[in-house]
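User: I'm new to this one and would like to go through it slowly. Could you put it up and then take my questions as they come?

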Number of protein chains: 2
Amino acid sequence: MILITGAAGFVGQHTLKYMSENLPNLEIGACVRSKDQALVSRFPKVQWFEVDLLNANALNEIIRQAQPTAIIHLASASSVGYSWLHPRESTLNNLNVYLNLLEAVRTHSKHTRVLSVGSSEVYGKVDIKSIPLLETHPIQPISPYGVARASQESLSQVYIDGYGLDIVITRSFNHFGPGQDSRFALPSFAKQIAQSKKKGEPVCRMKVGNVDVIRDFTDVRDVVTAYLKLIEKGNSGQVYNICSGEGRTLREVIEMMALQAKIELELSILPDLVRPQDLPIIIGSNQKLVNELEWRPRISFEATVSELMAEWTSHENSI
Amino acid sequence: MILITGAAGFVGQHTLKYMSENLPNLEIGACVRSKDQALVSRFPKVQWFEVDLLNANALNEIIRQAQPTAIIHLASASSVGYSWLHPRESTLNNLNVYLNLLEAVRTHSKHTRVLSVGSSEVYGKVDIKSIPLLETHPIQPISPYGVARASQESLSQVYIDGYGLDIVITRSFNHFGPGQDSRFALPSFAKQIAQSKKKGEPVCRMKVGNVDVIRDFTDVRDVVTAYLKLIEKGNSGQVYNICSGEGRTLREVIEMMALQAKIELELSILPDLVRPQDLPIIIGSNQKLVNELEWRPRISFEATVSELMAEWTSHENSI
């Protein structure tokens, strides 16, 4: 069995979809906080486990019984903005959850391979000369979320070297695609532009945070294929960037959306949306993943943006 | 008010003693899990707060009311060995407790200076060429305890740079002295030797872990004066090693104790006491602390060892 945590989330649903469609003989397990009937109906083959991952005993029992071949650990409070507002809850729902998972594996299912899904936020502020970032670049997180993700990596190394666990570590850069919650930047932009368009407004007036930061975006479905390749062929103890290698300012992305929607744009900075500190630029090198696992991103940035605009125009979840 | 967390612990009691004796006009607050009447009688001037530091609401209330000038954060599950056996509890009682403390300060008493007491365990395995370790040396913890302490440092930087808190960070190397629990190495050796001596045994047969590791020991009372100097004059955001700059194998220390007690020694390795992985050598440079704050250790290693032997021979707590 491959067990997915955070299975009801954005990446979780895409992972279930990919596995259900492409790996018909695979036994799939899914941890969710509470079972959603719509989701259960969409994935009839999946075995569901209802669990709060902060409940160590309940998680132990699931791992003890399931004895999964591998776990793709997607459960996370993955918003950097949220972590600035609620650093305690963010840490609990990242690091403590991960620690519970490792403890469950260590004590009840030591053969299980764990995919520690992490984040490019661990790099922190980097010199422009270090771009694109290699996995060997020192990490120095600058947000509560980044600290939790960096701790997750260190903890992984201790469990590998000290307890003999089998863990592959990712630094996943920004990813996007249909089905992402509009608390995140790109769907939030798409939603606002689509709404303006629908109302027939001549100009979409949008309040934004710092849109001059540069990010590296990958389609979520390309990220999912990377996760499955890493489960199958990644090296334990190794860290892998998952990214496109291309940087874009958020401003460019908003402009692309407005152009596709054929609407004028007027941006104004809302100080509340500006974070205490943010990464000016983050672009990764995906050469390790490309060379070792023959992965490459297949879906173009423009194509995903079109899909996102279509989703928020029709208002249908299109995972 | 200077508020001490972990005030009933080994370093906590020494800190209360030092402050009570040397700083008569200072208002002292002490957080303890439960009030111990003997301790309360010994320090009549101290204001006591009974609190489980994992209880965020209770801690918030204390900080909101006390508005301390500074907090010396000593509360910690500080045993590396314990962290290997109970990584989850160790992490909760280090990182989560610290996060609760920072949140209490951020939300209720932003002017409070926090002394983030940390550990040399953050350095991990280091090349012999890097000895003595400077604060600028990269950190790479290899135990669950070390990971929690490294996360504490990263979190401190985020709270300084992102939220504007005033935090001074220590990397305290091994410290010892009267009153330390015999779960720790040196008091455990002293106790066994003293017991053998008392029973009139010709040879003290001792089961030990890896006693060839090299550590840097400072008397706890010298560590306490460093903490008070750092509260007064340390620079926010800076990291300070607290150490003697001298390395000794545990074997040397045991032999010194046996020599003082005039007893023969026979050591045998108990595999259960050997940790999954350990630091072969750790010696720090104290030049930053010495140069910036004119601190220096005053009590010789031999003198503290004598005191320890006397303590375990008489079986009286001599803090």
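User: How does α7(B) pass α9(B), in a left-handed or a right-handed crossing?

Analyst: In this predicted model, α7(B) passes α9(B) in a right-handed crossing; a crossing is left-handed if the near helix is turned anticlockwise from the far one by less than a right angle, and right-handed if clockwise. Helices (H or I, at least four residues) and strands (E, at least two) are DSSP runs, numbered from the N terminus.

User: Before we go on, what do the residue numbers and chain letters follow, and what do the values leave out?

Analyst: Residues are numbered from 1 along each chain as its sequence is written, while chains are lettered from A and ligands numbered from 1 in the order in which they are written. Because the model is predicted, local features need pLDDT of at least 70 and side-chain atom pairs count only at pLDDT 80 or more, whereas totals for chains, interfaces and linings use all residues, and side-chain values use heavy atoms, with hydrogens and water left out.

User: Back to those helices, at what angle do the axes of α7 and α9 of chain B cross?

Analyst: The axes of helix α7 (residues 185-198) and helix α9 (residues 250-261) of chain B cross at roughly 30° and come within 10 Å, where axes are lines fitted to C-alpha atoms, for helices over the stretch in contact, and angles run from 0 to 180 degrees between N-to-C directions. That makes α7(B) roughly parallel to α9(B), since angles under 35 degrees count as roughly parallel, over 145 as roughly antiparallel, 65 to 115 as roughly perpendicular and the rest as oblique.

User: And which residues meet there?

Analyst: From α7(B), B:Leu186, B:Phe189, B:Ala190, B:Ile193 and B:Lys197 meet B:Leu250, B:Val253, B:Ile254, B:Met257, B:Ala258 and B:Ala261 of α9(B), contact meaning heavy atoms within 4.5 Å. Sorted by class, this contact has 10 nonpolar, no polar and one charged residues, with Ala, Val, Leu, Ile, Met, Phe, Trp, Tyr, Cys and Pro counted as nonpolar, Asp, Glu, Lys and Arg as charged, and the others, Gly among them, as polar.

User: What about α3(B) and α5(B), how do their axes cross?

Analyst: Helix α3 (residues 56-66) of chain B and α5(B) have axes that come within 9 Å and cross at roughly 45°, which makes α3(B) oblique to α5(B). Their crossing is right-handed, and the contact includes B:Leu59 and B:Ile63 of α3(B) as well as B:Leu101 and B:Val105 of α5(B). By class it has six nonpolar, four polar and two charged residues.

User: Okay, on to the strands. In what order do they lie in the sheet of chain B?

Analyst: The open sheet of chain B has seven strands in the order β3-β2-β1-β4-β5-β6-β11, with parallel pairing; two strands pair if DSSP finds at least two bridges between them. At the edges stand β3 (47-50) and β11 (239-242) of chain B, each with a single partner strand, so one side of each is left without a neighbour in the sheet. From one strand to the next the twist averages 20°.

User: How many bridges join β1 to β4 there, and what lies across the sheet?

Analyst: Strand β1 (residues 2-5) and strand β4 (residues 70-73) of chain B run parallel and are joined by four bridges, with B:Leu3 standing opposite B:Ile71 in β4(B). Helix α5 (residues 87-108) of chain B lies across β1, β4, β5 (113-116) and β6 (166-172) of that chain, running at about 175° to β4(B).

User: And which strand order does chain A have?

Analyst: In chain A, seven strands form an open sheet in the order β3-β2-β1-β4-β5-β6-β11, and the pairing is parallel. Helix α8 (residues 220-233) of chain A lies across β1, β4, β5, β6 and β11 of chain A, running at about 145° to β5(A).

User: Changing topic, where are the cis peptide bonds?

Analyst: One joins A:Ile131 and A:Pro132, with omega about 0°, and another joins B:Ile131 and B:Pro132, again with omega about 0°. A:Pro132 has its place in the loop between β5 and α6 of chain A, and B:Pro132 is found in the loop between β5 and α6 of chain B. For background, most residues other than glycine have a negative phi, and most peptide bonds are trans.

User: Which residue has a positive phi although it is not a glycine?

Analyst: That is A:Glu294, with a phi of about 55°, and A:Glu294 lies in the loop between α10 (287-293) and α11 (301-314) of chain A.
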